[in-house]
Amino acid sequence: MKLTEFMTTKIEYIDPDATVYDVVERMVDRRIRSLVVRSPNEKDGHGVITARDVVFKVLAKGIDPSQMRADELASKPLFCIDEEASLVDALEVMEQHNVARIFVCQGGHIAGVVAMMDIMWAVLILRARGGHVFR
Amino acid sequence: MWKIGSGIFLGWTLGANDSANIFGTGVTTGTIRYRTAIWLTALFVMAGAVVEGPKCMQTLGELSRLIPLEAFCVALAAGVTMAVLTVLALPASASQAIVGAILGAGVLAGTADFSRLYRIVACWVFTPICALALGYLLYRGLAWMLDRTVRRLTYRNFIYLGGILVAGCYGAYSLGSNNVANVTGVYVGAGLLSARTAAVIGGLSIALGALTYSRRVMMTVGKGIVPLDPFSALVVVLAQAMTLHLFTQVGVPVSSSQAVVGAVVGVGLMGDVRTISVRMLLKIAMGWIGTPLSAGLMAVALILGVDAAAPLWGQHVGPLLERLGITEAIFVAVQFYGGWLRSVMDALGW
Amino acid sequence: MSFGKFFSRGRKEQQVTERMADHIDLLCEACAIFHQCLVSEDRRLARKVPDMEREADVIRREIVSTIYAGAFLPYLRPDLCRFVSLVDEVFDLLQETANIFVYRTVPESLKGECIRVALLNLRMCELLRITYGAMLEGADLKEKKLGLRIYEKKIDDIKYGLLRDMMEIEVDNFWQGRLLGEFIDNLTGISDKIEDASDHLDVLNVSMR
């Protein structure tokens, strides 16, 4: 089964000018752990802010989130993988770069994201169907 | 020879009553048709009675030395006790009734041997206990085995079905082999019948009871094995059959109903210990005491009654009837109607 | 139960189990077709679903009558029939969804998620079929049930998104809105019914231990 079946398609975007406070607000509202920050110009690509980033790089350091821009906190570039790739490939990339999520990209634009929870679900479902993902 | 009539009556009540212990669940759940169940019961009860029936007959004979007329009364007392208890929807055990009746008669005649009673009562007590143990062990053992070998739904279904049939047939066989002594054993002790003949006649009477009147008992609640799932029901019948068969080898007739109670508890121990209730225990205990007591008293009453009635008949009632020409009248009537019946049958070509 | 039936044992049961498998397979096929017609927006394709539902009804009646003609222990029969009727309920719901689709297009903003739900429904049916096979073999159903729960939860998540997005849609009149609402409800309700059916497989599994 393809990666596209396990990915989350609802991706939340935020403007690069928005504050980190807005980011937090969105995360809490929508119960999500990451947001994609739109690229401010043609050159830079999109970036991603995760809950980890917010907690450890801003809140724990005592920095006022309303004083920081989303663009400043975002990690770039996004880690992308082709939609034809397999689950194992996605895991390899995630392990290699030590990230908890990877974006599924299709012709330069983001189709969805595969996070750790999605990986768990995918493995369980593959097991239930009688297949094995890993040897 | 008419004296064995009461034994046949006793056998009939036993067959009607105890068949429910064998195929009761099978019939009420619709697994097996009533007709098939009773014919199988009748067949295997006969087999059990004929093949191993005589084994238990000696035990009853040892309790008291009875003359044929006393044997008649004893069997009648037991039969009536059974019938009354059945009507009152109380547990009725033929084994206990007959022993009580025999001892009652024995006490009256002075030939009772109470030393033999201890062995018999011990077996009564052990019946539900043994069935309990067997029920528990069989349940665990068979479940373990089946989980390891037969997992497919369709195969399991087949095994359960076959199992219920086989267990039932075995149950009927055990019933016949163990309880036929209750029915006609007294006549062997009184010298009226040989053990073999007694087994055949007893077996037939039990089979007859199963064939004619067992439906009512099967359909009523209170037999205790109906709400079980197929596997538990199978184990209960098997445990009961094995218990009875075991006691046949020991030579003592025991109660199949009480074996069933023990087996149900044994199976129930797997899950809920609540299947044992004080009420149930009291019922069983009452069976051990109440049934033989009432049967014994009735036997005493019957024998005294017959003893008193015999001279009464000979000296008063008989001659009275003759003088009124009633005996003659009956004789003539029988002749007339007999002839009429024969001519009708000839006309019909029979 | 007469002796003749005893010796021919197994054939009726086999017939029942095979037809039950056919029943679920047909459901999977219908789900696949429905997913396909959402993707390709082919309304004619959607008309196939009611035909398949009728065929499924025929199979269901056949199964039930074979069961009560003497297959399986009486103890099992009600549960088997209940399972078949639960699968039938899934079919009915699918048919209703397809029927609405024939007459109304899905708004563009909702299309993507609806296709996802339809795909997940299909996957659930496939997993139901696998679970059914496992139940027949007497295997442990825990993993399969977890898989089904995961699918159901995913669909639930998408459903909330859909309901939110639905509020942004302009409708011309009440009936249009109502039909759309029903469509979404039915589409997302299919997974609940499939889960009910799979729960019943568990009942069957346990009752024979």
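**Close-ups of a predicted model**

View 1. Of the 194 residues in the largest nonpolar core, the ones touching the most other members are Val74(B), Ala77(B), Ala78(B), Ala101(B) and Phe34(C). A nonpolar core here is a set of buried Ala, Val, Leu, Ile, Met, Phe, Trp, Tyr and Cys residues joined through C-beta atoms within 7 Å; buried means 20 or more other C-beta atoms within 10 Å of a residue's own, with C-beta atoms placed from the backbone. This is a predicted model, so local features need pLDDT of at least 70 and side-chain atom pairs pLDDT 80 or more, while totals for chains, interfaces and linings use all residues. Residues are numbered from 1 along each chain as its sequence is written, and chains are lettered from A in the order in which they are written.

**View 2. Around Val74(B).** Setting aside neighbours within four places in sequence, Val74(B) is in contact (C-beta atoms, placed from the backbone, within 7 Å) with Leu66(B), Ala101(B), Ile102(B), Ala105(B), Val186(B) and Ala299(B).

**View 3. Where chain B meets chain C.** Here 17 residues come from chain B and 18 residues from chain C. Helix H7 (residues 153–189) of chain B supplies the largest share of chain B's side, seven residues. Helices are DSSP runs of H or I, at least four residues, and strands runs of E, at least two, numbered from the N terminus.

**View 4. Strands S2 and S3 of chain A.** S2(A) (residues 34–37) and S3(A) (residues 47–50) pair in the antiparallel sense over four bridges; pairing takes at least two DSSP bridges. Leu35(A) has Ile49(A) as its bridge partner in S3(A).

Definitions and conventions: Two residues are in contact if their C-beta atoms, placed from the backbone, lie within 7 Å. A residue is buried if 20 or more other C-beta atoms lie within 10 Å of its own, exposed if 12 or fewer, and partly exposed in between; C-beta atoms are placed from the backbone.
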